[in-house]
Every structure is written in structure tokens, then in C-alpha cells.
Amino acid sequence: MSTIDLMSDEENEEFESGASGEEESGEESGEYESGEEEEDDDDEDDSEDDDDDDDDDDDLEDRYRNPDGASVREKGEPIFKYFRLKAVQEILVKKPTESFKCLAAYSKYMVIGGTSGSIYLLDVEGKQLLKEMQPHKKTINEVVIDEREENIASCSDDGTVVISSLDAGANTHDMREPVHSVSLCSNFRVKQEFVSSTGFKVIYHAKAKLFFASKSRKAIHPGDGTPIYSLRWRGNLIAWASAVQVCVFDLETQKLIGHFDIELDKRMRCCLCWKDDRTLISSFKQTIMVHVVEERRNAAGIPSKGLRLLKNYDLSDDESGLPNSTVAGISMFTPDKLLVLTHSVPKKNAGLGLMPELHILPIQGEGHGDDSSESQSKKRAQLIENDKIPIDKHEANQPDDYRLVPMTTESYFYIVAPKDMILVKPRDCDDHITFLILKEKFRKAYNFARRYVNQISQKYTLVSLGEKYMDKLLKAQKFAEVADLCTNVLRNDPELWERWITKFINHNATNSIVQRIPY
């Protein structure tokens with residue numbers, strides 16, 4: 001398990017950190033990288049040359065986001081890089097009593113809800129505060145951005161849902177009870193529909209059908225006596241979770257498709273996310289469950305829909321590595337991998353929270369036609385990547401203080417805590433080359449850059465990487481190998497040839513290069 005190390009905001013270069021297990025101070029805003037120390041390997045043999053791989057046509061991003069099949073990913077190389085949101089730290093300096101509970105992000109901006117009732121608009125990387133609004137009087141429990149990025153929905157303990165338009169003011173819906181969650185329909189600009197969890201109920205809000213009516217509300221769930229803190233809407237399906245059950249409702253048929261019982265302790269909540277249009281993933285305590293909505297027919301042949309359990313993952317055993325952890329957030333990473341944020345407490349002191357951890361859970365192979373009894377029994381979770389995230393003031397946090405939020409249009413994710421926020425990005429080609437250079441694996445770096453030359457930035461060039469590799473071979477007195485590389489690396493650049501001829505002369509090895517010199 002690796003601990004993320006803090007990097008100052010002034011430093012632009014990336015680095016790999018050792019798995020020291022020690023917490024950094026985190027006083028400066030900056031970038032994090034995860035990883036484990038690996039012994040330097042100065043003697044790279046031919047087996048490291050990946051020119052002969054047959055994966056040239058693979059999309060590199062998918063290979064990085066699919067660590068099981070990523071032949072380019074090195075041992076000890078992290079999957080993610082982490083950034084502390086600078087603008088959030090600046091807000092807390094100006095308003096030290098503020099805390100955060102929710103976030104939503106789209107392509108143009110992100111929105112953060114505070115306990116003061118304020119909404120903050122930031123750029124998607126959290127570097128700059130763009131706008132501040134005050135739509136509520138009490139804690140904001142959830143914020144949502146519509147797909148056109150024209151409206152922001154927020155709900156609060158003050159009993160209101162506010163739809164704030166960036167151009168046309170705000171529309172307040174008074175629910176007269178604390179509102180814990182809200183979700184907008186697709187194409188909200190036209191349909192003007194949303195759903196909220198108000199008190200113990202789930203309320204569906206639609207445009208009024210009569211011109212003299214201002215709005216139309218319908219309770220699609222009367223309540224089970226416990227507040228509903230999680231609510232997710234996708235297509236015609238709405239899922240919600242209380243402390244005792246998870247339910248799925250079909251707007252098309254106006255019927256409850258199914259439900260299943262759960263049991264939560266205080267300061268915990270059930271997390272929900274849709275894998276696709278009919279697959280729901282839920283997590284509570286140390287359990288992650290995958291359910292599918294499927295078509296059925298009764299004895300009379302009448303069609304209906306039902307909810308069926310596909311997989312039931314258990315994180316509680318020692319072999320999973322998380323015996324004292326609670327799931328605090330989930331989000332789809334790739335179509336077959338789930339990001340899992342966990343919260344842990346030390347065995348000897350249940351009052352202090354440890355640093356949250358980010359994991360990847362493979363959930364591939366969830367065949368919708370699988371009726372095996374295996375799905376009904378718990379399966380030990382096989383986790384990939386275990387990064388400790390040094391959230392500021394994490395000792396005081398509980399599982400329900402955290403959120404793991406995806407950015408809708410990019411492969412970005414945000415870890416939300418009351419006094420801190422972290423941006424999580426998958427590593428790219430430049431990151432992989434940086435890792436190889438820091439490990440002094442120059443041959444791999446050069447060959448990788450040759451293969452993916454169109455996917456690397458101007459930070460690296462084939463010439464600079466090739467020369468690094470050649471310098472290493474020259475130091476090892478492998479003159480013939482250096483000479484073989486000169487033609488491809490130096491091309492017809494006279495200054496480069498002059499420099500390398502001089503190096504060969506200084507090593508009394510001119511015989512190795514003389515036949516390679518272009519005339």
C-alpha cells in the first residue's frame with residue numbers, strides 16, 4: 001500500500017514517492033503521485049525492448065485504465081496522480097468556519113456546496129474560484145449540474161431545492177423538510193423534471209400540465225421511517241437508499257421494480273452508482289453489491305421488470321486487506337472496474353479516522369444471464385491499487401464525511417472531505433515516461449516514445465530520450481550499441497553528430513562510429 005506524497009505548487013515536475021507509510025504535512029497546495037520504491041535496474045537486457053510487442057494498435061489510455069492488461073505499466077508504477085484543489089484551500093483561509101459536503105463537475109466548471117449554504121463555482125481543476133452564490137441558509141447536501149451546464153440544482157437542510165440558472169436567476173422549491181439529495185433528468189432544459197429525497201420520502205417534480213399550475217409533485221416513495229441520503233437517476237430508473245433498504249423505481253411503468261434490505265450504523269450511508277442503463281452498484285459498510293434490472297414475464301405472460309443480484313463483494317476479511325474499513329464512496333472507473341474509496345479507524349482508537357484509501361475493484365464478467373448461486377454468496381474483493389490519500393484533518397472524519405465524485409465528461413475524479421478536496425487523474429504517456437526516466441530505464445522510455453510519438457507532449461522528444469539512453473550505454477562502454485542508435489536518434493543533425501563524435505573520441509572509440517557518420 002502506498003502513501004501519496006505532497007509536492008509544492010511551485011514545482012512543475014512530477015516525481016514518484018516511496019511507500020514510507022508516513023504522513024506528510026500537506027501545508028502547500030500541489031500535486032501528489034502514488035507509487036512504491038523499486039530497486040534501480042541499471043542492466044537492461046533485450047527483453048526490455050518492447051518494440052516486438054503486438055499491442056501497437058491498443059489505445060494507450062485504455063491500457064492505463066485497465067491495469068490488468070497494460071503491458072506498458074511497470075512494477076510499482078502508480079495508476080493515478082493527485083492534486084489538492086488550490087481554490088478550496090483559499091476559500092477555507094477566507095472562511096475558516098466553512099466545510100464542504102458535496103461536489104459536481106462537468107466540462108466547463110465544478111460546483112461545491114458548503115455548510116454555510118454557499119455554492120462555489122470553480123474551474124474543473126480547482127485552481128480558481130469563478131463565482132460564489134448563496135442559495136441556501138443551511139448546509140447544502142447535494143449539488144447537480146445539468147448536461148448543458150446552464151442550471152445548478154442544490155438541496156439543503158433548510159428545506160429547499162434551488163435550481164440556479166447561470167443566466168436567469170434561481171427558482172426555489174420549498175419542501176418544508178430537510179432535503180438530502182436531488183437529481184436532474186436528462187435534457188432538463190426542456191423537460192424541467194427532477195427528483196428529491198425530502199425527509200423520508202422521494203418526490204418526483206415535473207412541469208405542470210395545466211397552464212395555471214406552477215408545478216407538479218408526486219411522492220413515488222412514501223418512506224420507511226428513515227431519511228434517504230442517496231439518490232441516483234439514469235434513464236427511466238431512479239434508485240435511492242435509506243439506512244434500511246435500497247429501492248429502484250421505473251418512471252415508465254410508475255412502479256417499484258424491486259428493493260433489498262441493508263443495515264447501516266450511525267455516520268454511515270449507502271453509496272449508489274449506475275454501471276450502465278440497467279446495472280446498479282451499491283455499497284454499505286464492507287459490502288459492494290451489483291444488481292441488474294431485467295425483463296420478466298409472470299405465469300400469465302404479462303411482462304414486468306425485476307431486480308436481480310449479480311455479485312456480492314465482501315471487503316471485511318483479512319485477505320482483502322481492508323478488515324477495519326468502511327466504503328465511503330464508489331464510482332465507475334472503466335466499464336469493468338470500480339473505484340472504491342474507504343475509511344478506516346485504528347483498532348485501538350475508534351474515535352480517530354485514518355487516511356482514506358482509494359482502490360480499484362475489477363467487476364468484469366458480470367454476465368446478465370448468470371443464474372449461478374455464486375452471485376448470492378459473498379465473494380472476496382480482489383482489489384487493485386491501494387493509495388492512501390493525506391486528506392487534511394482526516395482524523396476527525398467519519399465515512400459519511402467523504403464523497404467520491406466523477407467528472408461527467410473526463411476521466412477525472414474528486415475526493416471530497418469537509419476541509420479538503422483532491423483531484424484524481426489517470427496517468428498519461430508523459431507520466432509513464434517520467435516514471436521510466438526516474439527509474440533510469442532509458443531504453444524503455446525511448447522505445448515507448450517511438451511507439452506513441454503522437455501521444456506525448458513537447459515535454460519529451462525522441463532525440464532527448466534517445467540521448468539519455470545512449471549516454472547510459474556509453475557509460476557502460478557499449479560503444480557498438482551506441483553507434484547503432486546514432487543513425488535513428490541523431491538523423492542528419494550536424495550539431496548532434498559533432499557532439500557524439502566528440503564523445504566517442506574522448507572514449508577512444510572512434511572505430512565504432514566512423515562507419516555510421518553521414519557524408
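Author: What follows describes a sheet, then some cysteines, and lastly a pair of helices. The model is a predicted one, and within it there is an open sheet of 5 strands, arranged in the order E21-E22-E23-E24-E28 with mixed pairing. At its edges stand strand E21, residues 271-276, and strand E28, residues 379-380, each of which has a single partner strand, so that one side of each is left without a neighbour in the sheet. Further in, strand E22 (residues 279-284) runs antiparallel to strand E23 (residues 287-297), and 6 bridges join the two; one of the pairings to look at is that of Ser 283, whose bridge partner in E23 is Ile 288.

Turning to the cysteines, the count of disulfides comes to 0. Cys 271 is in no disulfide, since the nearest cysteine sulfur, that of Cys 270, lies 6.6 Å away, and Cys 271 is buried, with a relative accessible area of 5%. For Cys 273, the closest cysteine sulfur is in Cys 271, at 9.0 Å, which is too far for a bond; Cys 273 is also buried, its relative accessible area being 10%.

As for the helices, H6 (residues 462-475) and H7 (residues 479-490) pack at an angle of about 170 degrees, with their axes 9 Å apart, and they are therefore roughly antiparallel to each other. The residues of this contact divide into 12 nonpolar, 1 polar and 2 charged, among them Leu 462, Tyr 469 and Met 470 in H6, and Phe 479, Leu 485 and Cys 486 in H7.

Definitions and conventions
Residues numbered from 1 in each chain as written. Predicted model: local features only at pLDDT ≥ 70, side-chain atom pairs only at ≥ 80, totals over all residues. Heavy atoms only, no water. Axes fitted to C-alpha atoms, helices over the stretch in contact; angles between N-to-C directions. Helix = DSSP H or I, 4+ residues; strand = E, 2+ residues; numbered from the N terminus. Parallel < 35°, antiparallel > 145°, perpendicular 65-115°, else oblique. Contact = heavy atoms within 4.5 Å. Nonpolar A, V, L, I, M, F, W, Y, C, P; charged D, E, K, R; others polar. Disulfide = S-S within 2.5 Å. Buried < 20%, exposed > 50% of the residue type's maximum accessible area, 1.4 Å probe, protein only. Pairing = 2+ DSSP bridges.
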